Amino acid sequence: MRKKYKVAGMTCAACAAAVERSVKKVSGVNTVNVNLLTKQMIVVFDESQTNSQAIIKAVTDAGYEARESRPDTAAGQRARSEMSRAVSDEVQEMRMRVWVSFLFLVPLMYAAMGEMIGLPLPSWLTGAENAVSYAFAQFILTLPIVYVNRKYYQSGFKALRRRSPNMDSLIAIGSSAAVVYGAITIFRIGAALGRGQTGLVEQYRNDIYFETGAMILALITLGKFLEARSKNRTSEAISKLLDLAPKTAAVIREGQEQEITVEEIAVGDIVVIRPGQRIPVDGTIVEGSSAVDQSALTGESIPVEKKAGDRVVSATINKVGFFKLKAEKVGEDTTLAQIIRLVEEAGASKAPIAKLADKISGIFVPIVILIALTAVVIWLALGADFGFALSIGIAVLVISCPCALGLATPVAIMVGTGQGALNGILIKSAEALEVAHSVDTVVLDKTGTITEGTPIVTDLIITGRLSERDFLAAAASIESSSEHPLADAIQAKAKEMEIDLKPSQEFEAIPGRGIVAVIEGEKLIAGNLALMEQYQIDTAAWQKMAEELASEGKTPLYFADTRELLGIIAVADVIKPSSKAAVDEFKAMGIDVVMLTGDNEKTAAAIQKQLGLDQAVAEVLPQEKEEIIRKLREAGRRVAMVGDGINDAPALARADVGVAIGAGTDVAIESADIVLIKNDLQDAVTAIQLSKATVRNIKQNLFWSFFYNTLGIPLAAGVFYPFLGWKLSPMIGAAAMSISSVFVVSNALRLKFFRPEGPMADYQGE
């Protein structure tokens, strides 16, 4: 079983690692994914061995809180309000803490540092005789800052007691050491005054660290506030999707129209859709017609004509007409709800590259505490005074907080998958997003992927006595009784040209050859060359043209009466307008492109030539597609498979990355890692480019996180002080730590500006 949980109290990657370790110890748990950014945990476990209560207890034992995220039939509305409320509450609380912290920090810094820069202080704070007042005033100003930021102490010391220290532990130890040392100094000043040791009083007066402890808390809280505001922007994609869902709808019940909430719509209800309204559920039009704007889900700006019998989906907009639809998918089953679920789960999942950061974070904090203690002991052994050694230890603790490390991957994944969703590309997991960047071979199904999937008439060749309209009327009439897909194409062409069909009689289907029927008393023959030869129809003058049509991947159909050839109609499943540009862009990215098709070799060769494919494999049976993918992978290739049919599902599952065309079957979509809603091959290119951009962003974030800590810890520990005189103030360390977290989140937000590169960008703008 797979379940999702909300985990409260996590502040850094070490927290997430502690939760994962604790839950993994539960018998029956197979996999655990904890996302620090979304505060979500996804657990796959064996129901026969464990349950949610045991998993929640494991989280509690680790020092955090968890609750199960239950399925919600009112997904859109409730998720929106819950998300906005949680984000708003977090930002508001952080804002209050920042204001209080700096309200008291400013006078504290004035009191502590004013004399050093020549600023006047009140007389009762100056001189050795007022040293106790001077120190105690700073203590009073520090207390409110400590109080409003008490969460660091509650979380940090609790984690320390459980032997799984986190970022808050470092902050709590560092700021507590500064405040406690300052409090002890007050007593030392009092004792020295009592003994009349003025020189010692002056020394102690300059050795108070209240401002250090307060500044650490204030700067880290400011960084957290900026981080919270930035993280809020990473969930904008989901918020925009949620906003697409209408709140109410009009339904017909007991013969009366009534307005109800969307959550109350049941399967089978007749929903009334007026011009300008968003469609609330998935269903089929039973009355009326309209043009439907599907751009919110597909990105296509041109409205699609819909009539009775056509399917419409939630979140699309009825532009002009009035129609009624029968609800087929409601609540969590609607297309919009499924898209939102996929985006949320992809953002909450963990990419393989994140495992490196997790492993490091799990042992990083204990090592930092050990380094800080070691640095203090070494400096004391070298003869430094305790105040100097303490400031070294505090600086090591605060600059080493692994916030940036924990945020490096999840923020980029969330922004990347969100941008994909807004562009009609559903990436179902962080792993798929990461793996896609390394694809070196793309295997394409032909029908419905490269081509439109529906045969159309491409050429009309008149060879006999009839005009074009009369010829097409005769051809469509004889084909009207046929169930062959090519017959549908000819009838569609006649309908397009507004040609009326004539009744057929004595219809006869000749397997493998064609059909014969009587139209208005005249016997007509339609089929392939073998049928023409059977009826001794002379086609020699048109053979070269027919062969040219076949070489272009088209199927020539001959039409004749009993005396002569009347004409040839060429039918083909035409290549989509964007397929050539997509293949060109794949090749420009250094990716080999292979086409698989069940069609004949001549058609496959024609398409290969038109698109410039590296390889085309024809007459492939469904089970053979999966075998071809397997052989490519065994040869060391990293393979992406793009398809849309049921017969593509095994191949999609076998590939490193399965990409389903959105207009395809549910089976294909379920088997895929990435779903292209727009049914356009160009989006497969965009998906790989987005993957490359996201992984590049993650690597940048991880590099700067590691670089920052690698450089910062030796500097804070005073390694360079004996040679270069470099010493890092704890306050500067706190500021640098906060800035690093904000930098990582801001860098990830650059993915919001992602645009497809190369010719595809030009194509999208048309």
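Two strands pair if DSSP finds at least two bridges between them. Helices (H or I, at least four residues) and strands (E, at least two) are DSSP runs, numbered from the N terminus. This is a predicted model, in which local features need pLDDT of at least 70 and side-chain atom pairs count only at pLDDT 80 or more, while totals for chains, interfaces and linings use all residues. Residues are numbered from 1 along each chain as its sequence is written, and side-chain values use heavy atoms, leaving out hydrogens and water.

**View 1. An open sheet of four strands.** The strands lie in the order E2-E3-E1-E4, with antiparallel pairing. At the edges you will find strand E2 (29-35) and strand E4 (65-68), each pairing on one side only. Neighbouring strands here are turned by 25 degrees against each other on average, direction ignored; axes are lines fitted to C-alpha atoms, for helices over the stretch in contact, and angles run from 0 to 180 degrees between N-to-C directions. Strands of a sheet pair through backbone hydrogen bonds, either parallel or antiparallel.

**View 2. Strands E1 and E4 with helix H2.** Look for strand E1 (residues 2-8), joined to antiparallel E4 by four bridges. Lys6 stands opposite Arg67 in E4. Helix H2 (residues 52-61) packs on the sheet and touches E1, E2, strand E3 (40-45) and E4, where contact means heavy atoms within 4.5 Å. The direction of H2 makes about 160 degrees with that of E4.

View 3. At the start of H13, a side-chain oxygen of Asp385 comes within 2.8 Å of the backbone nitrogen of Phe388.

**View 4. Glu328 and its surroundings.** Glu328 sits in strand E13 (residues 323-329). With 38% relative accessibility, Glu328 counts as partly exposed. Leaving aside residues up to four places away in sequence, Glu328 touches Val267, Asp282, Gly283, Thr284 and Arg311. The side chains of Glu328 and Thr284 make a polar contact (2.7 Å); such a contact is a pair of N or O atoms within 3.5 Å, and within protein one must be able to donate a hydrogen and the other to accept it, while residues adjacent in sequence count only if both atoms are side-chain atoms.

Terms used. Buried < 20%, exposed > 50% of the residue type's maximum accessible area, 1.4 Å probe, protein only.
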